[in-house]
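This report goes through one protein chain, residue by residue and region by region. Please keep the sequence and the 3D view open while reading.

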Amino acid sequence: MIDVALAILPIFAMIGLGYVIRERGFLGEDFWRPAERLTYFVLFPILIVETLAGAELAGLTVLPMAAATISAILIMTLVALAARKVLKLGGPGFTSLYQGVVRMNTYIGLATAAALWNAAGLTLAAIAVAIIVPTVNVLSVAALARFVPAGAPSTTQVAGRLARNSLILACLIGIALNLAGIGLPPVAAPTLDILGQAALPLGLMAVGAGLDFRVMREAAHPVFAATGLRLLAMPAIAALTCWAFDVQGLTAAVVILFSATPTATSAYILARQLGGDAGMMAGITTLQTAAALVTLPLVLTLAT
């Protein structure tokens, strides 16, 4: 566990650095919002394209990996619905709890996979992103449409949002370049490599800059419930689905890794735009990110 913790600690140090820089006022909102957009829409997709375009995809058990990952998400959907009744949550509150349970932080997942398992881990992590991002986006929007009807987008709007999602497009482009045998041209490859290296540190600092420990006191019970379900129950379910679909070795470890990351910071934006409980969502994101410093090394040690 010590080796795993030492590999993960620099990732959370970057998150902490972003939090301190924001809290000290060294860089204000006029920096962090554009930085997050740059990371999400440019640098992060570049990292995924570069990783998948040059990866050795032959022999990877993608279908069982996808089945295990999606099954875990669907099972946790049922668990979240049961938790709603226990916690007696209204529609907006439930949608934030749900996003806190099923969404994952791609920055932390990719950075952790790269730190622990190098190029092989990063390749599997990029494939995991290709599986998880469309699945959780569809389910999260569906939950908001069902439980917050006033903020529900149309089916066409949902389809358009997915079709324009930069991470999904990056996964498709990277896989297409790989399968076509084209790869990346000589000049493009090193250029994209330099840009891709900037994605994770800037993305992790942006995660830290978005933390707000003051909001955790609001709706404490749902915040703690979402944290326990996400960081402990979700990886346990993922381990079971990996066993059920015979997903083993590094592939299983990556599935469990992504199931054990805190929720995505973009969940707050979705909650705010579509009528979810944005305050609760901010509290869930903050507590999960802080708690993952302890739970993530523990889960990965047990998984490997």
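Predicted model: local features only at pLDDT ≥ 70, side-chain atom pairs only at ≥ 80, totals over all residues.

Residues are numbered from 1 along each chain as its sequence is written, and side-chain values use heavy atoms, with hydrogens and water left out.

**Cores**

A nonpolar core is a set of buried Ala, Val, Leu, Ile, Met, Phe, Trp, Tyr and Cys residues joined through side-chain atoms within 4.5 Å. Buried means under 20% relative accessible area, exposed means over 50%, and partly exposed lies in between, with a 1.4 Å probe and protein chains only. The largest nonpolar core has 88 residues, and Phe44, Met65, Leu110, Phe258 and Leu296 have the most contacts inside it. Helix 5 supplies the largest share of this core, 19 residues. Helices are DSSP runs (H or I, at least four residues), numbered from the N terminus. A second, separate core has five residues, among them Leu144, Val148, Leu270 and Leu274.

Contact means heavy atoms within 4.5 Å. Apart from its neighbours within four places in sequence, Leu296 is in contact with Ile8, Phe12, Ile108, Thr112, Leu257 and Ala260.

Asn105 sits in the loop between helix 4 (91–102) and helix 5 (106–147). Is Asn105 buried or exposed? Asn105 counts as buried because its relative accessibility is 1%. Leaving out neighbours within four places in sequence, Asn105 is in contact with residues including Val207, Thr261 and Thr265. The C-alpha atoms of Asn105 and Thr289 are 9.1 Å apart, although 184 residues separate the two along the chain. A polar atom of the Asn105 side chain lies 3.1 Å from the backbone nitrogen of Ile108.

Thr241 belongs to helix 9 (residues 220–244) and is buried, at 5% relative accessibility. Beyond neighbours within four places in sequence, Thr241 is in contact with Ala68, Ser71, Ala72 and Ile75.

Thr295 is in helix 12 (residues 278–303) and is also buried, with a relative accessible area of 13%. Not counting residues up to four places away in sequence, Thr295 touches Leu231 and Leu232. Between Thr295 and Leu232 the C-alpha distance is 7.5 Å, and 63 residues separate them in sequence.

**Salt bridge and surface**

A salt bridge is a side-chain nitrogen of Lys or Arg within 4 Å of a carboxyl oxygen of Asp or Glu. By this rule the count is one. Arg22 pairs with Glu23, with 2.5 Å between the closest N and O atoms. Arg22 is buried at 18% relative accessibility, whereas Glu23 is partly exposed at 38%.

Leu9, Leu293 and Val294 make a nonpolar surface patch of about 270 Å². Such patches consist of residues with over 30% relative accessible area and no salt bridge, with nonpolar side chains joined within 5 Å. Leu9 lies in helix 1 (residues 2–23) and is partly exposed, at 46% relative accessibility.

Most residues other than glycine have a negative phi.

How values were computed
Helix = DSSP H or I, 4+ residues; strand = E, 2+ residues; numbered from the N terminus. Polar contact = N/O pair within 3.5 Å; in protein donor to acceptor, adjacent residues only side chain to side chain. Patch = residues over 30% accessible without salt bridge, like charges linked within 9 Å, V, L, I, M, F, W, Y side chains within 5 Å. Areas by Shrake-Rupley, 256 points an atom, 1.4 Å probe, with all protein chains shown as cover.
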